[in-house]
Amino acid sequence: SSMDGQESWPEIEKASKEKRRELVLQGAVIDEKISSNGGLCSAIYSLKLLNYLEIIQCPSLTEIHGDIQNLTTLTSLILCRNKLSSIPKTIGNLKSLKVLDISVNNLNALPEEITQLSDLNTLNVSCNNIESLPDGLCHCTKLSTINISKNDITRFPDDFYRLDLLSTVIASENAIEELSGDVLKLSALKVLDLSNNKLSDIPYELSDCSKLKEINFKGNKLKDKRLEKMVNGCQTKSILDYLRAGGRGKGKGSKQADGDGDKADGGRNAEKTQTKKQRKQKKKTEEDEVDELNRLVVKVLHVSDNPGAFTVKVANELKDVRPYLVCCVVRGMNFRSGNALKRFLVAQTKLHDDLCGKRTTATIATHDMQLLKGPLMYDARTPPMLKIVPLGRKEMTAVELMRQLQLEAEDQRKQRKRQNVSGLHKYLQLLDGKELYPCLVDAEDHVISFPPITNSERTKIRKTTKELFLEVTSSTSLQICKDVMDALIVKMAELNKFTFEHREEAGSEGESDSPPVPASDGTTSGELVIQQVRTVDPDGNLKVVYPSKTDLCTDVGDLNVIW
């Protein structure tokens with residue numbers, strides 16, 4: 001490497017001396033070093049013990065040296081938000097790699113050698129300029145999550161459909177023209193997002209993917225207009241039922257569906273007599289109506305407009321414990337109707353399992369804002385000093401709680417005579433060997449959450465909750481916190497809209513004049529209001545404000561954010 005002879009960086013020296021298994025390099029200071037050094041310090045490639053390497057948010061980082069192949073024990077390589085224009089072919093030698101995140105870079109292509117990573121479980125290449133996926137991905141037999149959104153990909157390679165453990169495919173905002181009927185071979189598929197692509201059909205075989213829970217095909221110009229309307233508005237189940245029936249309820253075959261499309265608009269001849277202009281006009285108003293119906297409205301209140309706004313102070317000691325935190329306040333959620341609260345809790349669990357990787361990458365906690373006294377402190381405490389009233393339990397220290405959970409986990413194992421454990425017990429190992437535990441504390445010194453284990457019974461949300469305080473913490477990266485928070489807010493907007501629409505129906509039976517029941521804050525629409533929350537360091541310097549203008553730019557086409 002041209003970078004020999006240079007002095008080693010203290011971060012790398014420290015990792016080497018302490019035989020570190022993890023190294024995180026990010027932000028302006030590191031970027032400055034990369035810039036003046038003409039690349040990464042070559043000593044990094046001799047840290048042979050590393051399992052986890054994260055180098056993010058360094059615009060000066062344009063390439064990674066082929067020597068990355070020396071880090072053979074790496075299981076996670078996170079290189080997002082840099083300006084990488086290529087990935088070295090030698091990456092194929094990192095045989096233990098399970099997670100590869102090279103999202104938000106300047107990549108035009110992926111090296112063929114990626115297909116040699118036979119243990120790869122998660123691949124994120126979103127937000128690049130990649131035009132095609134390499135052939136041979138089927139050799140990554142353990143691949144379970146792939147995110148290729150926001151690229152220029154036009155098709156899935158043929159062998160892509162042989163990945164039978166693939167459960168999440170996020171491929172929104174590309175130029176994909178076809179989803180093959182072979183999609184039925186993806187027997188583990190649970191989430192498929194192909195929104196904003198160039199699909200004209202959805203294969204009926206998709207309805208044979210028995211585990212499919214969530215699909216998104218919004219923003220594709222489909223031949224079957226009724227199906228197009230459905231994908232822009234309906235739940236996954238109704239779309240799959242429609243496909244199962246072969247479209248328009250005419251048995252499995254797209255031919256009939258095509259012909260039928262014309263008849264549904266008043267027969268073929270009538271169609272011909274309409275002028276092109278009228279047809280266009282009609283189509284436009286229909287599309288607008290559908291768009292209007294599907295709008296999820298979210299309003300953001302700025303910190304600057306609210307001098308009494310909440311702040312969260314973050315202690316320096318969290319650096320090595322669980323450094324990343326994003327918070328905000330949400331008003332306008334209606335939990336009083338029917339199963340609204342239950343639906344929200346189920347959605348939160350689902351986010352924990354999927355996007356948060358069973359809480360290993362991030363953890364969500366939700367609180368009733370009225371039961372909190374601000375400002376808050378995100379602190380690191382020794383286990384005996386951390387006292388909390390865990391959900392559904394009496395007050396205890398973290399030592400007692402962890403011991404209790406450990407014993408319960410043992411019991412469960414004995415009873416079930418098998419290795420896996422359920423509930424909170426799964427998360428115990430996430431804190432193994434930590435001398436300090438993370439906790440969020442309110443102004444009265446009540447611990448309101450102890451991530452990733454539990455939050456407090458004191459601030460638990462109930463049906464009567466009017467305002468929510470949301471927190472997402474992570475030991476991995478700030479961006480993950482923001483992504484999870486974005487997803488949570490979009491989900492809340494969807495659920496609230498669902499509650500609002502179904503409540504209206506319930507109210508209109510019998511008493512047609514009665515106005516819809518207002519939500520807890522008096523609004524009668526499903527609109528959510530989000531109050532920005534700032535996190536600051538102990539000296540009061542701003543760390544993060546959420547949401548900022550770059551947040552909530554999600555792939556959900558119908559999220560309307562009013563800033």
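This report covers the strand order, backbone exceptions and aromatic pairs of a predicted model.

**The sheet**

Nine strands make up an open sheet. Their order is β1-β2-β3-β4-β5-β6-β7-β8-β9, and the pairing is parallel. Two strands sit at the edges: β1, residues 22-26, and β9, residues 214-216. Each of these pairs on one side only. From one strand to the next, the twist averages 5°.

**Positive phi in two loops**

Val104 is not a glycine, yet its phi is positive, about 55°. The residue lies in the loop between β4 (99-101) and β5 (122-124). Its relative accessibility is 25%, so Val104 counts as partly exposed.

Lys150 also is not a glycine and has a positive phi of about 55°. Its loop runs between β6 (145-147) and β7 (168-170). Lys150 counts as partly exposed because its relative accessibility is 28%.

**Cis peptide bonds**

Two proline peptide bonds deserve a look. Gly374 and Pro375 are joined by a cis peptide bond, with omega about -5°. Pro375 is placed in the loop between β13 (363-368) and β14 (376-381). A cis bond also leads from Pro451 to Pro452, with omega near 0°. Here the loop that holds Pro452 is between β18 (447-450) and β19 (454-455).

**Aromatic pairs**

The count of aromatic pairs comes to five. One of them is Phe156 with Phe160: the ring centres are 4.6 Å apart and the planes meet at 15°, so the pair is stacked, as planes under 30 degrees apart count as stacked. Phe156 and Tyr161 form an edge-to-face pair. The table sets out the geometry of both.

| Pair | Centre to centre | Angle between planes | Type |
|---|---|---|---|
| Phe156 and Phe160 | 4.6 Å | 15° | stacked |
| Phe156 and Tyr161 | 6.2 Å | 75° | edge-to-face |

Phe156, Phe160 and Tyr161 form one aromatic cluster. Are its members buried or exposed? Phe156 has 4% relative accessibility and therefore counts as buried. Phe160, at 2% relative accessibility, counts as buried. Tyr161 is buried, as is Phe156.

Terms used. Residues are numbered from 1 along each chain as its sequence is written. This is a predicted model: local features need pLDDT of at least 70, side-chain atom pairs count only at pLDDT 80 or more; totals for chains, interfaces and linings use all residues. Side-chain values use heavy atoms; hydrogens and water are left out. Two strands pair if DSSP finds at least two bridges between them. Helices (H or I, at least four residues) and strands (E, at least two) are DSSP runs, numbered from the N terminus. Axes are lines fitted to C-alpha atoms, for helices over the stretch in contact, and angles run from 0 to 180 degrees between N-to-C directions. Buried means under 20% relative accessible area, exposed over 50%, partly exposed in between (1.4 Å probe, protein chains only). Rings of Phe, Tyr and Trp (its six-membered ring) pair if their centres lie within 6.5 Å; planes under 30 degrees apart count as stacked, over 60 as edge-to-face and the rest as tilted.
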